[in-house]
Amino acid sequence: MTGPLDIRTARRRYITVCVLFWLPLGLSIAPGILLFTERGMAMAAIAGFFAAHSLTAAALELPTGGLSDVLGRRAVLAAAGLLNLAALTLVGLGTAPWLLGLGMALMGAGRALSSGPAEAWYVDTVQAHSGPDAELRIGLARGGSATSAALATGTLLGGALPWLLGLGPDLGARLSETTSELVLPLSVPMLLGAAVEIAFVLYVLTALWEPPRPTATLPDVLRGIPATVIGGLRLGGRDALIRRVLLSAGAAGSALAAIELLTPGRAAALTGASESGAVLFAALACAGFICAGIGSHLAPLTARLAGSGERAVMVSLGASASGLLLLGATAAFTGVGSMVLAAIGYGLVYLGLGAAGPSENDLLHRRVASSGRATALSVQSLAQQLVAALTGLIIGVLPSGPLPWLLGGTVLLAGALLWIHCSGTTPRTPAATPQPHIVSSSPSTAGSDHHQHAESVAPGPTTRSATAASTPQMAT
């Protein structure tokens with residue numbers, strides 16, 4: 001391609017990228033902890049693996065967000081795919097704790113690299129074709145639905161494959177014997193995910209058109225990282241609406257931490273055994289992704305009915321908070337009625353988060369320039385991860401019962417209440433993060449890049465995909 005893609009083509013390619021990126025990570029959700037246990041890892045070691053993932057993702061979130069704004073969306077997305085390819089291979093085949101820990105750390109690095117470039121590419125491409133007033137919410141909603149569908153499909157497939165390999169002639173046992181226990185049935189979903197990552201990298205490199213960028217050297221990029229990090233942290237301080245988006249992301253992180261930490265134990269208590277509880281949790285996770293996808297698909301309609309993107313966020317987060325509070329209210333009870341109410345609450349949590357995401361990000365993209373778009377998304381993801389980590393630590397010391405659920409629900413309700421008052425007219429000058437000064441290889445390229453960095457995102461009363469709003473904190 002030699003010019004900007006039309007909106008339909010850009011939307012289709014963005015959706016494909018979302019599916020190819022999140023499907024492998026969905027494949028790893030169900031067999032992950034069981035595979036570590038099968039390899040003989042103690043629970044303390046498993047907790048350390050997930051800590052390596054989370055800490056790596058948090059530490060690299062802002063620096064790698066700036067890379068996408070400097071080096072280009074395509075290069076950073078391809079790097080994220082290669083890191084996940086190495087991570088899934090190590091986790092699938094590794095037998096030593098240091099190999100498994102390295103794999104989880106690489107997966108965290110891939111998560112940090114991926115949080116923003118695809119969405120930033122889509123917004124850049126649509127606005128390059130149709131101007132700053134182009135409709136964004138529909139494409140963001142479709143991307144969120146595709147992400148949720150990929151995670152749901154991957155979760156089911158990743159849980160079913162090891163079980164299917166044990167049927168009939170027991171191909172799983174033969175596979176383990178042939179490979180001297182290097183490849184276990186629980187390894188197969190990881191290795192399948194690694195194969196999909198190859199397809200992801202090839203698609204990104206061939207299908208995502210980008211305009212020429214100034215030549216950037218490694219020293220240029222490294223010198224620009226501190227300014228990018230500082231500028232990203234200042235985004236919320238300069239703009240009240242961006243601050244609300246970031247705080248809402250943190251509230252969503254708190255809710256997801258509560259539901260992910262508490263649901264497995266509740267499922268095991270319901271079924272009476274950890275094994276059957278794990279199966280129930282996988283089914284619930286899949287249902288949650290489906291609900292998030294439906295909510296994301298309904299985001300444009302929610303915004304129209306609510307009257308604005310800001311009101312849509314308030315309504316969506318309020319619905320999600322009510323679901324989490326309902327889970328808390330039924331935590332102390334047993335019986336069919338409480339189970340039905342808990343199921344409704346679980347679905348509401350993901351439905352509301354899915355519906356809020358596209359409207360939140362539509363608002364965000366209209367307040368930041370292209371030069372800082374991926375950085376802004378990284379700040380949003382960082383806010384979600386940090387609050388999720390803090391909530392998890394607090395839940396760990398709270399007594400079992402309704403209180404841990406109510407903590408997450410209360411934080412999410414507070415996030416919804418932030419949107420009671422609308423901002424009114426959106427200023428025409430968007431926030432942008434500082435970028436390193438990079439010498440262009442040609443005058444024409446430098447001119448086009450200066451125009452891109454200085455462009456103003458038009459205001460609009462109407463208004464991020466559900467990716468960061470509804471994807472698992474630890475497994476992905």
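This is a predicted model: local features need pLDDT of at least 70, side-chain atom pairs count only at pLDDT 80 or more; totals for chains, interfaces and linings use all residues.
## Packing of helices H4 and H5

Two packed helices are described by the angle between their axes and the distance between the axes. Helix H4 spans residues 73–93 and helix H5 spans residues 97–114; their axes lie 8 Å apart, at an angle of about 160 degrees. Angles over 145 degrees count as roughly antiparallel, and H4 and H5 are therefore roughly antiparallel to each other. The crossing of these two helices, H4 and H5, is left-handed.

On the H4 side, the contact is formed by Val 76, Ala 79, Ala 80, Leu 83, Asn 84, Ala 86, Ala 87, Leu 88, Leu 90 and Val 91. On the H5 side, the residues that meet them are Leu 99, Leu 100, Leu 102, Gly 103, Met 104, Leu 106, Met 107, Ala 109, Gly 110, Leu 113 and Ser 114. By class, the contact of H4 with H5 comprises 17 nonpolar residues, four polar residues and no charged residues.

## Packing of helices H14 and H15

Helix H15 itself covers residues 336–365. The crossing of H14 and H15 is left-handed. The residues in the contact of H14 with H15 divide into 17 nonpolar, eight polar and two charged.

## Aromatic pairs

A pair of aromatic rings is described by the distance of the centres and the angle of the planes. The structure holds five aromatic pairs. One of them joins Tyr 346 and Tyr 350, whose ring centres are 5.3 Å apart and whose planes stand at 45 degrees, a tilted arrangement. Both tyrosines, Tyr 346 and Tyr 350, belong to helix H15, where they are four residues apart, about one turn of the helix. Residues under 20% relative accessible area count as buried. Tyr 346, at 6% relative accessibility, is therefore buried, and Tyr 350, with a relative accessible area of 5%, is buried as well.

Elsewhere, Phe 21, Trp 22 and Phe 200 are linked by ring pairs into a cluster.

## The loop between H8 and H9

Helix H8 covers residues 171–178 and helix H9 covers residues 188–207, with Ser 180 in the loop between them. Ser 180 is not a glycine, yet its phi is positive, at about 55 degrees. With 62% relative accessibility, Ser 180 counts as exposed. Glu 181 also has its place in the loop between H8 and H9. The phi of Glu 181 is near 70 degrees, again a positive value in a residue other than glycine. Glu 181 has a relative accessible area of 46% and is partly exposed.

Ser 187 lies in the loop between H8 and H9 too, and at 0% relative accessibility Ser 187 counts as buried. Apart from residues up to four places away in sequence, Ser 187 touches Leu 35, Arg 39, Gly 92 and Leu 182. Within helix H8 itself is Ser 176, which counts as buried at 7% relative accessibility. When neighbours within four places in sequence are set aside, Ser 176 is in contact with Glu 181, Val 183, Leu 184 and Pro 185.

Thr 9 is found in helix H1, which runs over residues 7–27. At 12% relative accessibility, Thr 9 counts as buried. Along the chain, Thr 9 and Thr 125 are separated by 116 residues, while their C-alpha atoms are 10.0 Å apart in space.

Ile 290 lies in helix H12, formed by residues 274–297. The relative accessibility of Ile 290 is 44%, and this residue counts as partly exposed. Ile 290 and Ala 146 are 144 residues apart along the chain, with a separation of 9.8 Å between their C-alpha atoms.

Definitions and conventions. Residues are numbered from 1 along each chain as its sequence is written. Side-chain values use heavy atoms; hydrogens and water are left out. Axes are lines fitted to C-alpha atoms, for helices over the stretch in contact, and angles run from 0 to 180 degrees between N-to-C directions. Angles under 35 degrees count as roughly parallel, over 145 as roughly antiparallel, 65 to 115 as roughly perpendicular and the rest as oblique. A crossing is left-handed if the near helix is turned anticlockwise from the far one by less than a right angle, and right-handed if clockwise. Contact means heavy atoms within 4.5 Å. Ala, Val, Leu, Ile, Met, Phe, Trp, Tyr, Cys and Pro count as nonpolar, Asp, Glu, Lys and Arg as charged, and the others, Gly among them, as polar. Buried means under 20% relative accessible area, exposed over 50%, partly exposed in between (1.4 Å probe, protein chains only). Rings of Phe, Tyr and Trp (its six-membered ring) pair if their centres lie within 6.5 Å; planes under 30 degrees apart count as stacked, over 60 as edge-to-face and the rest as tilted.
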